[in-house]
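Hi,

Here is the structure I promised to pass on.

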Amino acid sequence: MEYVNPEGLRLDGRRPMEMRQIRAEIGSVAKADGSALFEMGNTKVIAAVYGPREVQNRSQQISDKALVRCEYSMANFSTGDRMRKPKGDRRSTEISLVIRQTMEACIMTHLMPRSQIDIFVQVLQADGGTRSACINAATLALADAGIPLRDLVTSCSAGYLNSTPLLDLNYVEDSAGGPDVTVGFLPKLDKVTLLQMDSKLSIDLFENVMQLAIEGCKAVANYIREILLENTKQLEYRRGL
Amino acid sequence: MVGLSLGEKNFIQGGIAQDLRSDGRKRLTYRPVSVETGVIPQANGSARVRMGATDVISSVKAELGKPSSLQPDKGKVSIYVDCSPTAAPMFEGRGGDELSTDLSVALQCCLLGGKSGAGAGIDLSSLIVVEGKMCWGLYIDCLVVSSDGNLLDALGAAIKAALSNTGIPRVLVAAGASGDEQPEVDISDEEFLQFDTSDVPVIVTLTKVGRHYIVDATSEEESQMSSAVSISVNRKGHICGLTKRGGAGLDPSIVLDMISVAKHVSEQLMNKLDSEIAAAEAVEDDS
């Protein structure tokens with residue numbers, strides 16, 4: 001199948017280096033301590049953060065840092081074909097773990113010993129790149145909850161199809177079976193916190209593709225920063241400062 | 001659960017007794033309702049309904065299937081509710097299953113009528129394509145995104161809004177199929193049939209706190225309730241379903257009184273919801 005046509009356009013009309021449209025909204029779950037909605041094209045996720053608060057299960061308490069927990073769930077209507085999946089299947093357990101580890105790397109857990117932070121991500125629509133979208137939503141939600149972070153971790157994926165590196169794969173491109181590199185990146189510290197790839201790719205190409213994904217992360221970070229700044233201005237305005 | 005001090009409890013109960021609740025509402029006033037339709041483009045119809053801090057999404061997916069042999073002239077509708085852990089940490093893992101099942105069953109009672117399909121708010125015979133062979137199955141999936149009490153009313157409203165947003169593709173049945181074989185069909189991509197939702201009831205939950213009852217309780221108020229009665233009423237004022245929840249018993253005369261109050265309140269809610277749905281549809285058409 002042709003994923004990039006001779007004019008250099010992808011199936012959804014994007015250029016190889018072009019991201020899908022991103023949109024974010026802070027405070028979409030009124031009851032949570034922090035929450036955000038994040039859209040990448042047709043992928044749409046909601047993240048909610050509860051905490052830092054008392055540890056629910058005493059045996060899990062850590063005396064010198066905060067316990068970070070994460071749960072990923074998909075809505076029944078999120079995929080094209082409707083299906084009822086049991087909670088806690090292998091895929092969602094794996095993604096929960098990935099998100100938890102990525103977020104733990106940027107939360108300053110040593111400042112909140114003997115407490116617990118819960119991150120819940122809910123996929124409303126899945127169209128490829130849910131992992132990245134979840135991490136971006138979780139970052140925004142953590143920032144909204146006022147939890148001390150080392151940096152805003154952002155994530156983006158990149159792939160390699162029809163001998164072209166492609167940024168931000170959608171579902172069709174993702175299912176093509178080519179390599180899919182997901183990167184989690186701390187833009188200010190210039191560090192990679194998450195790196196996953198499936199399928200195979202030569203080393204020089206991998207470098208290119210990873211670099212492309214990192215550029216994507218930087219673009220997301222700029223957007224997230226704008227959204228946070230806008231939100232802070234709103235808060236300031238409401239306070240009448 | 002909501003942790004409240006004795007003072008807070010007294011404040012809530014006292015306020016309800018004096019017809020002035022902690023958010024300034026009267027006993028029989030709803031919080032502002034906002035409706036957004038077409039939030040899930042992959043579905044045949046969808047809506048997001050917010051009542052205060054309660055936020056639910058409902059989606060309708062239509063799939064062709066075979067009608068059951070007992071009711072060859074009726075389509076199928078099923079309702080599932082899922083409580084997302086984003087709404088409350090206690091829904092994590094399997095924690096939300098009990099409430100999800102409770103809400104699904106209550107919604108099925110209130111909207112789908114009896115086992116025979118009689119008295120259903122959704123006209124099941126309009127879902128039939130070829131009698132006895134092919135029908136539409138509607139899968140209504142609801143997701144509780146944020147919960148601040150009164151989930152059942154919000155879910156009922158979301159389902160109503162999602163159904164009025166639903167377009168079911170027109171199906172052309174190829175002539176000549178006979179006997180037991182499945183008829184060949186051609187599903188149109190362009191022509192959609194709008195669903196008639198005028199008979200879909202709204203659900204009004206009356207929550208009894210102390211000697212009085214209130215509508216649209218927040219989760220703080222729900223924590224103080226002795227019992228709650230959910231009544232679904234359609235536009236004609238007929239009662240389509242009823243469920244009682246909560247521990248304490250109710251005097252039969254109070255139940256009858258509650259039903260008449262619910263009937264009165266449902267008219268306002270129905271009108272409010274209709275205008276919100278119409279406004280949401282207009283916004284969606286513009287964009």
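A:Tyr171 is exposed, with a relative accessible area of 52%. This tyrosine is found in helix H3 of chain A, residues 171-174. Together with A:Met1, A:Leu11 and A:Val172, A:Tyr171 makes up a nonpolar patch on the surface, and the accessible area of the four together is about 450 Å². Keep in mind that this is a predicted model. The scores are ipTM 0.88 and pTM 0.91, and chain B averages a pLDDT of 88, with 94% of the residues at 70 or above.

Now for the inside. In soluble globular proteins, nonpolar side chains tend to be buried together. The largest nonpolar core here has 64 residues, and the members that touch the most others are B:Leu107, B:Leu138, B:Ile140 and B:Leu163. A second, separate core has 58 residues, among them A:Tyr72, A:Met103, A:Ile135 and A:Val209. Back in chain B, the contacts of B:Ile140 beyond four places in sequence include B:Val60, B:Val77, B:Ile79, B:Ile122 and B:Leu163.

Is B:Ser227 buried or exposed? It is buried, at 0% relative accessible area. B:Ser227 belongs to strand S11 of chain B, residues 227-233, and, leaving aside neighbours within four places in sequence, its contacts include B:Leu206, B:Thr207, B:Arg245, B:Gly246 and B:Leu250.

Most residues other than glycine have a negative phi, and most peptide bonds are trans. Against that, the peptide bond from A:Gly51 to A:Pro52 is cis, with omega near 0 degrees; A:Pro52 lies in strand S3 of chain A, residues 43-54. A:Ser163 has a positive phi, near 45 degrees, in the loop between strands S6 (154-161) and S7 (164-167) of chain A, and is exposed at 61% relative accessibility. B:Asn150 also has a positive phi, of about 55 degrees, but is buried at 3% relative accessibility. Its place is the loop between strand S6 (134-146) and helix H3 (151-164) of chain B.

Cheers

Technical notes:
Residues are numbered from 1 along each chain as its sequence is written. Chains are lettered from A and ligands numbered from 1 in the order in which they are written. This is a predicted model: local features need pLDDT of at least 70, side-chain atom pairs count only at pLDDT 80 or more; totals for chains, interfaces and linings use all residues. Side-chain values use heavy atoms; hydrogens and water are left out. A nonpolar core is a set of buried Ala, Val, Leu, Ile, Met, Phe, Trp, Tyr and Cys residues joined through side-chain atoms within 4.5 Å. Buried means under 20% relative accessible area, exposed over 50%, partly exposed in between (1.4 Å probe, protein chains only). Contact means heavy atoms within 4.5 Å. Patches are made of residues with over 30% relative accessible area and no salt bridge: like charges are joined within 9 Å, nonpolar side chains (Val, Leu, Ile, Met, Phe, Trp, Tyr) within 5 Å. Accessible areas come from the Shrake-Rupley method with a 1.4 Å probe; for residues, only the protein chains shown count as cover. A salt bridge is a side-chain nitrogen of Lys or Arg within 4 Å of a carboxyl oxygen of Asp or Glu. Helices (H or I, at least four residues) and strands (E, at least two) are DSSP runs, numbered from the N terminus. pLDDT is the predictor's confidence in each residue, from 0 to 100.
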